[in-house]
Amino acid sequence: MGEFLRINGPVRILDIAYKYSRSAVPEHKALLYQCLLLLNRCLMLSQEVKLIMEAENAIETFLTQFEHTDEDDTRTLVARLISVLCSNGNTVCQQQLREQNGIRLLVRVLLHFTESRRVQVGKKAGVKIQSQPEGEDNGGGEDNTGGQVSILVVAIIDCLQKSIVGNKKSESTFAQEE
C-alpha cells in the first residue's frame, strides 16, 4: 500500500474512473468496475486513502458514474464507496454529496424501485391492500419470504443512512426529497 500511495495511485485510479465513467464500450465498463473495486479495497485498508479521496472530491466522480451507468453491479459498488466515505460522521463528504445533489439522485433510484416492484405482503399477514382487488392474488401465489430486494437498493439505503443520519443539513435535504 505504501508504494501505491507514493506513486499517487488512488488519484490515478480515480482519474481513470472519471475518464471512462460515461463510456458505453464494454471494455471501458469492465475497466471502470475494476478501478472501483481497487478503490474500495484501498478505502477499507487505509485511512489515508479516505483523506485523499475526500480532498479529491471523489464523491463527484462516483455520482457521475452512478448517474451514467446502467450496470447495477457498478452502481452498487459506487453506493458502497460513497457510504464508506460518508461514514463515521465525515461532514466534508456528506456536504459534497448534498451539494452535488447526490441525495436527490439516490432517492430517485429508490423511488423508481418502489414504484416498479410488486406488493410484498401475503394474505397470512392479514393486510388488505387497497390497490389490489379482493379476488386477485400477488401473481401466482403468496410470497412467504417477503420478496426479493436488489443488492443495489440495500447499498443505497446504507449509503443514505451513513450520509444523512446525524447531519442536520443532510437530514433536511432528505426530508425535502421525500
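**Legends to the close-up views**

**View A. Aspartate 158 and lysine 162 lie 4 residues apart in helix H9, which means that about one helical turn separates them.** The model is predicted: local features need pLDDT of at least 70 and side-chain atom pairs count only at pLDDT 80 or more, whereas totals for chains, interfaces and linings use all residues. Residues are numbered from 1 along each chain as its sequence is written, and side-chain values use heavy atoms, with hydrogens and water left out. Helices (H or I, at least four residues) and strands (E, at least two) are DSSP runs numbered from the N terminus. An α-helix has 3.6 residues a turn, so residues three or four places apart point the same way. Aspartate 158 forms a salt bridge with lysine 162, with 3.4 Å between the closest N and O atoms; the term denotes a side-chain nitrogen of Lys or Arg within 4 Å of a carboxyl oxygen of Asp or Glu. Aspartate 158 is partly exposed at 25% relative accessibility, and lysine 162 is likewise partly exposed, at 27%, where buried means under 20% relative accessible area, exposed over 50% and partly exposed in between (1.4 Å probe, protein chains only).

**View B. Lys29, Asp70 and Glu71 are joined in a network of salt bridges.** Between lysine 29 and aspartate 70 the closest N and O atoms are 3.1 Å apart; lysine 29 belongs to helix H3 (residues 26-45) and aspartate 70 to the loop between H5 and helix H6 (72-86), so this pair ties together parts that are 41 residues apart in sequence. Glutamate 71 also forms a salt bridge with lysine 29, its closest N and O atoms being 3.6 Å apart, and because glutamate 71 lies in the loop between H5 and H6 while lysine 29 is in H3, the parts tied together here are 42 residues apart in sequence. Aspartate 70 is exposed, with a relative accessible area of 59%, whereas glutamate 71 is partly exposed, at 35%.

**View C. Helices H8 (residues 102-116) and H9 (residues 151-164) pack at an angle of about 145°, with 10 Å between their axes.** The contact (heavy atoms within 4.5 Å) involves Ile103, Leu106, Val107, Val109, Leu110 and Phe113 of H8, together with Leu152, Val153, Ile156, Ile157, Cys159, Leu160 and Ile164 of H9. Axes are lines fitted to C-alpha atoms, for helices over the stretch in contact, and angles run from 0 to 180 degrees between N-to-C directions.

**View D. Cysteine 93, in helix H7 (residues 91-99), is buried at 0% relative accessibility.** Leaving aside neighbours within four places in sequence, cysteine 93 is in contact with Glu54, Ile59, Leu85 and Cys86. Although 34 residues separate cysteine 93 from isoleucine 59 in sequence, their C-alpha atoms are 7.0 Å apart in space. Isoleucine 59 is one of the buried residues of H5, which also include Ala58, Phe62 and Phe66; this helix, spanning residues 58-68, is mostly covered, with 8 of its 11 residues buried.

**View E. The whole chain, given for orientation, comprises 10 helices and 0 strands.** Buried residues account for 43% of its 178 residues. Among contacts between residues at least 6 apart in sequence, 72% join residues at least 24 apart. The chain exposes about 10,500 Å², of which carbon and sulfur atoms supply 50%, as accessible areas come from the Shrake-Rupley method with a 1.4 Å probe, and for residues only the protein chains shown count as cover.
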